[in-house]
Every structure is written in C-alpha cells, then in structure tokens.
Amino acid sequence: MHLFLYQFVLFLLNAAILLFPCTNVLLYPMKKKEILVGFFSIFSILYFLVAILGQSTTFLAIGGILTFVLLYTKHNKILNACAALLGYLCSVVLNHIFTITLSMFGITMQMIETKFPLLFSFIFFAAIYLITYFIGKNVRKIGFLYDIKTPKFVTICIFFDVLICVLIFIFNIIVGEKVGYSPRVIRLNGILFFLYFVVTFIIILVIISNYEKEKKVTQKLKEYENLQDYTNKIEALYMELRLFKHDYFNIIASLHSYIDSENMEGLKNYFETSILPAGEKLNHKDGVLGALSYMKVEEIKGLTYTKLFHAMQKGIQVELDIKEAVEKMHIDVLDITRILGIFLDNAIEAALNSEAKKLYLGFAKSENSVLIVVQNSCKVEPIDLKKIYELGVSSKGDNRGIGLYQVQKIMGKYKNVIHTTGYHEGMFAQRVEIMKSKKCT
Amino acid sequence: MLPIYLCDDQKEHLQRLSKIIQNIITFEGVDMELVLASKDPDSLLEKMKKSSKPALYFLDIDLKANMSGLDLAVEIRRFDPRGFIVFITTHDEMAPLTFQYKVEAMDYIVKEKVEEIQGKIKECMLYALKQYALPSNMVHRAIAMQVEDRIVMISQDDIILVESSLQIHKVTIYTKDSAIDITSSIKAIKAQLDENFFQCSKSCVINIKRLAQIDKKKRILFMDNGKECTISVRQMKILEKQLMDSDMKLK
C-alpha cells in the first residue's frame, strides 16, 4: 500500500514536470480548468501506459500536450504549440544541467533513481515550474510577439523544426535508458542538445526579425503612398480654391448688379440662398484635411490620414477636431499609434454598421497632458464595458476582442494614462488622457 | 450679481453683441451686468484681475492681438477658476474638445449661424446664472484621484462600482455610462467614499444605492447598470444587516 501511494505521487509529479513547463510559457495562456483536464489526461497516459510502453510514453504525452494546446488556443495555434515545445525543451535543458552538476559530485542518475526519486522529482519540478513561470511572464510582455504574422508555411516549418528537436531528444533518452546512462554520454548529449536548442532558437529569431524588417519596409512604402495621397488631395484643394477665387469675382459682380438696381429683396434672397451655403460648403471640405497640419507627430498624422480617408470613402461622416499643434504624446509613439489604430479600426467598423455613420476624432492638449477622443455612432445596444476587453469576447467577431485586449495590455505599462470607455446617446467613446510623466523629464 | 465680460476685435461685432447682451439683461430682468466690452484682451485681464467674483466671459477666438482668445481664456482661468467661458468662433476655428479640455469652456457660439446667436447667448447667460447660484458644497461629495499633476474628480453619486483593474496598480470606476481605468487602489478610493458604499471583497466596492438585485444563493450582486459582482458569505451577512439598518432608518 505504501509503495502504491509512493508510485502514485511520483507519477503525479512526472505528469506535472511534463505539462507545466509547456503551459507556463504559452503566449496565450490556457484557463485553469483546461490545464487541470490536461494534467489528468497526461497523468493517466503515464500511469497506465508506462508499464506497457516504457519511456516511449513520453512521445504520447508530448503528443497529448500538443493536442491540448492546439485544441484550446483560439488564435495563432501553431505559434502557441511552438511555445509549448520550447517550454518542454527548457525542461530538458534544465534536466541536463541537473544531472551534469550532480555527476560532478559523483552522484549518478542510477543512484538518484534507486534512492530518492521523489525528492529529486520534487526539487526538479519546483525549479522548472518557477523558471518557466518567470520566462512565460516576461515573454508575454513582449508586445510584438503577438503581431507576428509570418506566412503559414514558415510557421509550420518552425513548428516541425522544434518538434523534431524534441522527438530526437526523447528518442535519445530511450536509447540511453537501454544502453545505460554514463555520465560522459549524458554530458555529451547535454552539450549537443543545448547547442541544437540555441541554434534553433537563433534561426527562429532571425526568421522573425527578417520578417519584421520586411514588414517595416512595406509599412514605409505604405506611408509614402499615404503621403502622396495627401499631397494630391492638397493640390486638388488648391485647385478648388482657385476656382472659388474665380467665382468670388463673379459673385461680387452679381451683388453689384443687385445694388445698382437697388433690389434689396433680391439681394437678401441671393445672399441667403447662394452665398451663405457656398461658404459653409467650402469650410467643411478643407476642415477635415486641413486640421491634420496641427498634428506634428508624423506617425500619428499618417495613420490618422489613412484611416479617416478610408472612413470617408466608405461614406462615414468624419469630424476631426484638433486646433493646437500636438508635438509630444508623453508615451511611446509606437504604443499610441497601435492603440489609436485599433480604436479607429473598431470605430469605423461600428460606425459602418450604425445608422448615423458618424466618426469623431479629437486631439486636445494642455500644459502637461494630451487628450485623445475617438467617438463613433453605433447601434443602440447595451454593451458591458468591461467585457469588451476580455480576450475573445467581442460584439463584432473575434479580431475586435483581440484588439482591445492588446490596448489593455499596452495601457497597463503606463501609470500616467487615464482611459475612459463610455457610451452616450448612441455614441461609443474612447477617451485617453496622457499625462506628462515626471520620470520622463 | 454676475459680471459679464466681452472681447471681440471687430468693432461692429462688439457693438452688436453688447446690444444683444444688454437687451437680454433688461428683458429677462436677470441679476447680471455687462462690465466690459473691449477689443483689447489686456484691458479685460486688467479689469477682471481686480474683481474677486466669478464672471461670465464671451471671447472671440481670433483677436488679432498679441494673444488669441484661447490664450486669453487660459490667463483668465488662472485668476477665475470658477468663471464661465464662452467662445465666439467661426466654423474654421471651432475646436470644441480643445475649448473644453484646456479651459473648461462652458460653450461656444458659431459666428456663421447668425440667426442662432441671440438664442445661444441667452441660453449661456441663464445657464451660468443657474450654476453660479448653486451651492459650492457639491465638491465635498466627490472623490479625487491624482495622476501625475492632474487631479480627477468624480462625484460619489455617479459611481456605481469600483473594482481592481486587469492592469496592475489600476482600478476601474464604473459610472452610469462609462468605465474609467485609472492608476489608484481600492483602498485609497474606499477611504474617500461615504457610508453609501460597501466593500464586497478585496477587489470590489459597490454603491449600495445603485444595487438592483441580490442573488443570495449564488452570492451575486446585480447593479443597476447591469454590472455583476460576487460577494463572500461573510460579507453578504454584513451587507444584509447594513441594508436592514438603513431601511429602519428610513422608516
């Protein structure tokens, strides 16, 4: 009975050692309930099949973990699976470090396995859990990892590369078990695997950074196109102004004729029906584009122009409210560009689905702060303001939820930001106030 | 008596607006006085600095002077934080957000909408007078949070629920139609709230007045904006007792 319990605990620990390093480093963490289900499945695989299959069960267990990750991840499945495998590799590397260190003190694996496997497993579990927990926590903070959109083919290649690395390793353990562990073999294996691990990792990083570079180039190209668009628009506006100048003299001439004939009634009529509306029309047209000249942060200017132009083309009534030069944002420009991009995308989408089709973007500043307001008309529907931010929950498809979840993550980095989400009379509003941080200055 | 100041660079416009304001004062019999109507922002500043009373200001945005209407308003705000500022602007210069954010302008009047000007001026005057007469103790019923140099005030009556945010060191404050994410802590906010608020858990404080329904079995509180919040067995008992007590008081 004692032995049974002993074995049971050992298997529990082994299942935990297999599973938790993988789940800890996931980019999109799984829920507690899901992890629990995974844990018991892995445990049962180990417990019931080890007697029949020996060490090969590890293959099965890894397969099981991958299946779970693929099953429960909603977005970027393959990337998440890669993360799980890398988590497992971390555990492998640590295992080697452990055995090598112990062998230096003359303690071999066989001694451990016969004398105190439970203690060893427990210490190892604690170490790997803490390490991977720490790695996962920090990796999840790296924003750009979530933006990786490598072509599917590349992602799958990376996945298989990591998978093969893991499989070869498990295979190696099995063979090692049959031949018997010798410290020198273990050391050699450890170094080989560590090298392989490092090389794989570097290759992945190179591929990703290359891809990022390429993305930046296309981004720049797009910005350039935006600018060209902008120039064309300005030129068109200038032409319009010249036409108006021409019209202006015609108007003066016609006014003159009314005054000459002292036709006050006709003059009044002409003024109200022709001149006033013409003026208003002119005002509105250059208002939207002209105001952008106040935005001195180039990245935001480009983004705003593109998004607003896009919205106008789709028939949304756009209002841009900015009347003072905005030079500084007090937070990282890339972060605020991403936030604003997400807000505008959502606002345009929601405005299109609404009846009023209105979009409002306002920038204002005071001495020590900047305020950004994005408003859009939306279908009247009670929205739980909190839920929008929880991953995956969205009133419009999956991507929207992800976007706002990202916004929350970015905002979390800054203490000097007040973010208000509001809904008032058919208008949904995002309000971000950024204070000048004392630390920055 | 609420003083009124007017500043516009165009002589004809200045006269027209003065006349409109004078007429409204006479016809409505309101306790106001047009103290100054001037083209020169400096003379306005000089005059208003001598007075300690809050006032109503109608300011043209484009003053064609060494300062714009907005600059003038910023300067006025420094000496008269409780005053009421109304901008007179053309369509081109209109920037509601900047007006509101920078100097907490009460309203703006668009020059082009000739037929609306008179009505709008009257509206602003009556509103300012009403606000002016309001007791100033409203401020005490608000909570204040400081983020860097800025102090944000939220009226206690508007708050439905406060809970710790998903982001570290931040809280989310729910009002009727908005959710505000701000750097603060439940503890710091609870300390400012009055007896109408109840702490359900470490991470959640509710306004008892805004409680709509209680699910005793599942221990869930439903607020009147549709927000839910769970409560522990122990806190539930305390809340029930508190609710009973306040009922007794009412009777």
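Predicted model: local features only at pLDDT ≥ 70, side-chain atom pairs only at ≥ 80, totals over all residues.
A helix axis here is a line fitted to C-alpha atoms over the stretch in contact, and angles between axes run from 0 to 180 degrees between N-to-C directions. Helices α1(A) and α4(A) pack at an angle of about 125 degrees.

**Chain A overall**
- Chain A has 441 residues, and 43% of them are buried.
- Its secondary structure consists of 12 helices and 5 strands.
- Take the contacts in chain A with a separation of 6 or more: 74% of them join residues 24 or more positions apart.
- The accessible surface of chain A is about 24,900 Å². Carbon and sulfur atoms hold 66% of that surface.

**How α1(A) and α4(A) pack**
- Two packed helices are described by the angle between their axes and the distance between those axes.
- Helix α1 of chain A covers residues 2-24, and helix α4 of chain A covers residues 77-104.
- Their axes lie 7 Å apart, at an angle of about 125 degrees.
- Are they parallel or oblique? The two helices are oblique to each other, because angles over 145 degrees count as roughly antiparallel and 65 to 115 as roughly perpendicular, with the rest oblique.
- The crossing of α1(A) and α4(A) is right-handed.
- From α1(A), the contact uses Ile17(A), Leu18(A), Pro21(A) and Cys22(A). From α4(A), it uses Ala84(A), Gly87(A), Tyr88(A) and Ser91(A).
- These contact residues comprise 6 nonpolar and 2 polar ones, with no charged residue.
- An α-helix has 3.6 residues a turn, so residues three or four places apart point the same way.

**A positive phi in chain A**
- Glu262(A) is not a glycine, yet its phi is positive, at about 50 degrees.
- Where does Glu262(A) lie? Glu262(A) sits in the loop between α8 (183-260) and α9 (264-290) of chain A.
- Glu262(A) has 68% relative accessibility, so it counts as exposed; the cut-off for exposed is over 50%.

**Positive phi in chain B**
- Arg219(B), a residue other than glycine, has a positive phi near 55 degrees.
- Arg219(B) lies in the loop between β13 (211-215) and β14 (220-223) of chain B.
- Arg219(B) has a relative accessible area of 31%, so it is partly exposed.
- Helix α4 of chain B spans residues 96-103. Its buried residues include Leu97(B), Thr98(B), Phe99(B), Tyr101(B) and Val103(B).
- Just after α4(B) comes Glu104(B), with a positive phi of about 50 degrees.

Note on methods:
Residues numbered from 1 in each chain as written. Chains lettered and ligands numbered in written order. Heavy atoms only, no water. Helix = DSSP H or I, 4+ residues; strand = E, 2+ residues; numbered from the N terminus. Parallel < 35°, antiparallel > 145°, perpendicular 65-115°, else oblique. Left-handed = near helix turned anticlockwise from the far one by under 90°. Contact = heavy atoms within 4.5 Å. Nonpolar A, V, L, I, M, F, W, Y, C, P; charged D, E, K, R; others polar. Buried < 20%, exposed > 50% of the residue type's maximum accessible area, 1.4 Å probe, protein only. Areas by Shrake-Rupley, 256 points an atom, 1.4 Å probe, with all protein chains shown as cover.
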